[in-house]
Amino acid sequence: MKSLRLIAAGVALAVVSIANASAQTARPATSQPAAGNAAAPSLTGKIAVIDSSAFADEKAGIARVVNAVKGISAQFQPLNNELQGMQTRYNTLAEEIQKTGAVADPKTLAAKQDQAEQLKRDMERKAQDAQVALEKRRSEVLGPLQDDVYNALQTYAQQRGIAIVIDSNRVPVLYVADSVDITRDFIIEYNRTHPAVAAATPGRP
């Protein structure tokens with residue numbers, strides 16, 4: 001009689017991870033000299049710090065980012081629920097096999113083991129496909145938005161004489177004075193100049 005490995009499959013689709021990933025919307029602002037321009041770069045300018053993880057904050061973040069994250073989450077929620085349901089069924093089967101293994105009819109026990117193993121394979125395959133679909137959708141929705149926020153941040157910095165912007169979500173920063181933290185001000189400015197659009201229409205991936 002083959003034994004069933006009682007392991008936690010852990011394949012439920014982590015939709016919440018989308019929020020964390022979307023916090024990477026702003027890239028480090030760097031300014032490259034135009035081709036053929038021999039002029040020396042200016043050494044004047046201010047340094048500012050921004051926390052891009054705040055962009056996805058539901059209450060105080062960038063409305064377009066928040067809506068995009070909500071749209072993707074809503075789109076994949078049915079699939080996430082399906083995977084969680086499969087995980088629950090697998091756990092129930094595994095528990096039954098463990099409790100009745102010593103007294104159950106061998107054929108019945110073997111049938112349950114086969115069922116659990118098949119469910120586990122189906123669950124893992126569906127989770128892998130879902131993860132690929134999720135990454136693709138994130139790229140489609142958040143990629144252009146990331147570029148838009150980055151370009152807006154460049155414009156914001158240039159208009160205010162800021163030479164360097166450090167993202168504290170990417171680079172460890174021990175201390176930031178309020179006078180150089182532009183996170184809140186940039187979010188307000190971006191929301192003003194880039195009004196929010198409706199969240200993406202939910203649909204089955």
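Before the structure itself, one term: buried means under 20% relative accessible area, exposed means over 50%, and partly exposed is in between, using a 1.4 Å probe and protein chains only. By that rule L145, at 10% relative accessibility, counts as buried. I will come back to L145.

What you see is a predicted model, in which local features need pLDDT of at least 70 and side-chain atom pairs count only at pLDDT 80 or more, while totals for chains, interfaces and linings use all residues. Residues are numbered from 1 along each chain as its sequence is written, and side-chain values use heavy atoms, with hydrogens and water left out.

First, the overall layout. The protein has 4 helices and 2 strands; these are DSSP runs numbered from the N terminus, with helices being H or I of at least four residues and strands being E of at least two. Starting at the N terminus, the order is α-β-α-α-β-α. Of the 205 residues, 33% are buried. The exposed surface comes to about 12300 Å², and carbon and sulfur atoms supply 54% of that. Those areas are from the Shrake-Rupley method with a 1.4 Å probe, and for residues only the protein chains shown count as cover.

On contacts, the term means heavy atoms within 4.5 Å. If we take contacts between residues at least 6 apart in sequence, 88% of them join residues at least 24 apart.

Now the helix packing. Axes here are lines fitted to C-alpha atoms, for helices over the stretch in contact, and angles run from 0 to 180 degrees between N-to-C directions. Under 35 degrees counts as roughly parallel, over 145 as roughly antiparallel, 65 to 115 as roughly perpendicular, and the rest as oblique.

Helix α2, residues 63-100, packs with α3 at an angle of about 170 degrees, and their axes are 10 Å apart. So α2 is roughly antiparallel to α3. The residues of this contact divide into 21 nonpolar, 5 polar and 11 charged. For those classes, Ala, Val, Leu, Ile, Met, Phe, Trp, Tyr, Cys and Pro are nonpolar, Asp, Glu, Lys and Arg are charged, and the others, Gly among them, are polar.

How do α3 and α4 cross? Helix α3, residues 106-159, and helix α4, residues 183-193, have axes that come within 11 Å and cross at roughly 115 degrees. The two are therefore roughly perpendicular to each other. On the α3 side, L145, D148, V149, A152, L153 and Y156 meet D185, F186, E189 and Y190 of α4. That contact has 7 nonpolar residues, no polar ones and 3 charged.

Next, the loop between β1 and α2, where I62 sits. Which residues does I62 touch, leaving aside its neighbours within four places in sequence? The list is F55, V149, F186, I187, Y190 and N191. V149 and F186 also belong to the contact of α3 with α4. I62 is buried, at 0% relative accessibility. Its C-alpha atom is 9.9 Å from that of S52, 10 residues away along the chain.

F55 is in this loop too, and is buried at 0% relative accessible area. From F55 to V66 is 11 residues in sequence and 7.6 Å in space, C-alpha to C-alpha.

Back to helix α3, where L145 lies.
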